[in-house]
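Please open the model in a viewer and keep the sequence at hand.

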Amino acid sequence: MRIIGRSPSKRRSRRGERGQSCVEIGIILPLFLILILGVVEVNAAMNSYISVVSASRDGARLGTKGAATDAAIQALVQKDLERLPNTTPLSNITITHPTVAGTESVKVQACYDHSLLVGVRLVVPEDFHMCATTTMPKLN
């Protein structure tokens, strides 16, 4: 009498495939985690850069009104950069008053040192120095 069910050859092949999925996960999981970590790092860096650009624009915009002092502009830029993880010293915020095409202008440069969330010293530097400069004519 023959037992109806799976043949012995199919049973053997399934036993051999049990370890295959573990090996596949072992190969794919580190690559997937590196990809996700890279996306998070790039997102954090872009957020920092956009904040630096926005802070320099806000400072220049305040300076175009003519009533703000350089100290007030520096305070505004530093307040805008406070939302970033590392504090920005006032020495990283520069304000000048150049003449562009015969018009008195305000030039604000803001710099920030962005630290990586997970630093791999051999692959990428420990932190990135980001600067943004905005020049706007004064409104009189």
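Is the link of cysteine 111 and cysteine 131 right-handed or left-handed? With 110° about the S-S bond, this link is right-handed. The pair ties together parts that are 20 residues apart in sequence, because cysteine 111 lies in strand 3 and cysteine 131 in strand 4 (residues 127–137). Strands here are DSSP runs of E with at least two residues, numbered from the N terminus.

The model is predicted: local features need pLDDT of at least 70, side-chain atom pairs count only at pLDDT 80 or more, and totals for chains, interfaces and linings use all residues. Residues are numbered from 1 along each chain as its sequence is written, and side-chain values use heavy atoms, with hydrogens and water left out.

Select cysteine 111 and cysteine 131 and display their sulfur atoms, which are 2.1 Å apart and form a disulfide (a pair of cysteine sulfur atoms within 2.5 Å). Cysteine 111 is buried at 8% relative accessibility, whereas cysteine 131, at 30%, is partly exposed. Buried means under 20% relative accessible area, exposed over 50%, and partly exposed in between, with a 1.4 Å probe and protein chains only.

Next, select cysteine 22, which is exposed with a relative accessible area of 58%.

Then select strand 1 (residues 93–96): Ile93 and Ile95 form its covered face, Thr94 and Thr96 its uncovered one. Finally, select threonine 96 together with lysine 107, its bridge partner in strand 3.

Key:
Helix = DSSP H or I, 4+ residues; strand = E, 2+ residues; numbered from the N terminus. Pairing = 2+ DSSP bridges.
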